[in-house]
Amino acid sequence: AIPADSGTVTVEGILFRKDSRTIKNDRRLATLLLTDKKTSICVKMFVMPQKWEDIDTHLKEGDFVRIRGEAQWDTYENVLVIMGSDIEKGLLIKRSDTCERKRVELHAHTKMSQMDGLNEIKDMVRIHGEWGFPAMAITDHGVVQAFPEAAKEAEKFPDMKIIYGMEGYVFNDRDCINEDGSINYKKNPTNHIILLAQNKTGLKNLYKLVSLSHTEYFYKRPRLPKSVLAAHRDGIIIGSACEAGEVFEAVLRGKSDTELRRIASFYDYLEIMPLANNHFLLDNGTVRSEESLRNLNRRIVQLGEELGKPVVATGDVHFLDPEDEIFRHILLATKQMPDADRPLPLYLRTTDEMMEEFSYLGPEKAHEVVIDNPNRIVDWCETLRPVPHNLFAPKIENSVEDLKSLVYGKLHRLYGEN
């Protein structure tokens with residue numbers, strides 16, 4: 001914050017609004033609003049019309065600017081403003097991925113993850129393309145509405161593959177039988193699970209599972225019995241998801257090695273996530289230290305080695321940039337979540353950022369989980385279209401002959417044989 005008695009200050013940020021109005025003596029009052037994506041400030045300048053025209057021509061919304069001026073309390077606006085004297089247009093430095101070989105994010109949410117994800121689909125596709133990522137996955141909560149727009153946007157980046165998936169809610173239906181033999185599907189809690197379509201069969205099965213979860217087993221959210229998932233898993237690659245997945249939960253609860261291997265054997269790959277994603281376990285006293293969080297991930301890595309299953313580092317991405325986190329806090333607050341303000345940096349990490357995050361595994365293993373294994377899973381997946389190019393009208397036997405008979409039959413009845 002800038003105190004009102006700061007005197008001459010220099011501020012910099014992104015211009016997000018500009019305006020002016022004519023005052024006395026033909027001068028104009030220019031108003032520029034700047035943000036550093038954490039806070040915003042108003043800059044005012046008294047300028048001649050030619051100067052305003054110069055500012056309006058050369059400065060566009062979204063430009064990075066540096067402004068020097070006097071900090072003052074504006075009694076009209078009742079807010080601190082900067083009375084600007086000098087403006088310099090700068091270069092906006094964006095995050096980029098500088099690694100030669102890129103990672104792939106296999107766990108990401110768009111705004112179609114209702115009241116949870118913030119990512120605009122076009123922005124997700126664009127930043128993946130600009131960073132040179134070979135692929136991107138979409139895994140919204142229980143739904144697949146993002147697929148058509150993602151396919152359309154991906155046409156701008158022909159070298160990038162879209163992995164079509166979903167984060168589902170699965171429950172063990174074998175534990176849903178009541179004492180009288182009846183079945184209560186609402187009885188058991190759910191675990192998160194990641195489903196990725198590997199081929200056309202998998203995409204068809206994914207759509208079928210989405211339908212079943214909403215029509216047959218919906219209770220507060222679209223749920224899937226594990227037996228139903230198992231019956232339709234052909235062509236689907238299954239990942240263990242986040243801390244709400246049953247693999248992480250079993251490791252956290254200290255299940256036996258035999259039990260851990262039994263649970264993990266259901267999955268095609270296992271996920272580990274940045275420490276910040278699970279820091280709430282330290283905050284609420286479930287674990288004692290950050291080293292304990294590292295050990296949970298180490299155990300999942302070990303489990304993958306024991307079972308011969310790839311372990312991948314994922315970010316559970318809900319927004320693109322770190323500073324966007326505040327918007328998710330607002331979303332969670334509208335849902336009256338008690339921990340809506342808890343820091344949770346679920347942003348899209350670059351390859352360098354992810355390699356640094358998992359450096360405690362050692363350089364070789366970090367490279368494996370961050371880069372090698374996610375790319376390996378991408379290679380398992382075919383290039384798919386979520387909806388076909390053409391329309392497919394139903395084929396009705398003898399339809400041409402029947403139509404001709406109907407038309408000419410009517411004609412003959414109305415006008416005779418000729």
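Colleague: What makes the lining residues of the second largest pocket nonpolar, polar or charged?

Modeller: The residue type decides: Ala, Val, Leu, Ile, Met, Phe, Trp, Tyr, Cys and Pro count as nonpolar, Asp, Glu, Lys and Arg as charged, and the others, Gly among them, as polar. The lining of the second largest pocket therefore divides into 13 nonpolar, five polar and twelve charged residues. The model is predicted: local features need pLDDT of at least 70 and side-chain atom pairs pLDDT 80 or more, while totals for chains, interfaces and linings use all residues. Residues are numbered from 1 along each chain as its sequence is written, and side-chain values use heavy atoms, with hydrogens and water left out.

Colleague: Which residues are closest to the centre of the second largest pocket?

Modeller: The pocket has about 830 Å³ of space. Of its 30 lining residues, Ile14, Lys37, Lys94, Asp321 and Glu323 are the closest to the centre. β1 (8-22) and α2 (121-131) each supply at least two lining residues.

Colleague: What lines the largest cavity?

Modeller: Ala241, Cys242, Glu243, Phe248, Glu271, Ile272, Met273, Asn278 and Asn297 line the largest cavity, which holds about 40 Å³ of space. By class, the lining has five nonpolar, two polar and two charged residues. A search of the whole structure finds one cavity of 30 Å³ or more. On a 1 Å grid over the protein atoms alone, a cavity is a set of points where a 1.4 Å probe fits but cannot get out, whereas a pocket is an open set with protein on both sides within 12 Å along at least five of seven lines; lining residues have an atom within 4 Å of a point.

Colleague: Why is Lys226 called buried?

Modeller: Buried means under 20% relative accessible area, exposed over 50%, and partly exposed in between (1.4 Å probe, protein chains only). Lys226 has 16% relative accessibility, so Lys226 counts as buried. Lys226 lies in helix α5 (residues 226-231), a helix being a DSSP run of H or I with at least four residues.

Colleague: What joins the side chains of Lys226 and Glu246?

Modeller: A polar contact of 2.5 Å joins them. The term requires a pair of N or O atoms within 3.5 Å; within protein, one must be able to donate a hydrogen and the other to accept it, and residues adjacent in sequence count only if both atoms are side-chain atoms.

Colleague: Why is Asn375 buried?

Modeller: Asn375, in helix α12 (residues 363-380), has a relative accessible area of 10%, and is therefore buried.

Key. Points joined across faces, edges and corners; volume = space filled by probe spheres on them.
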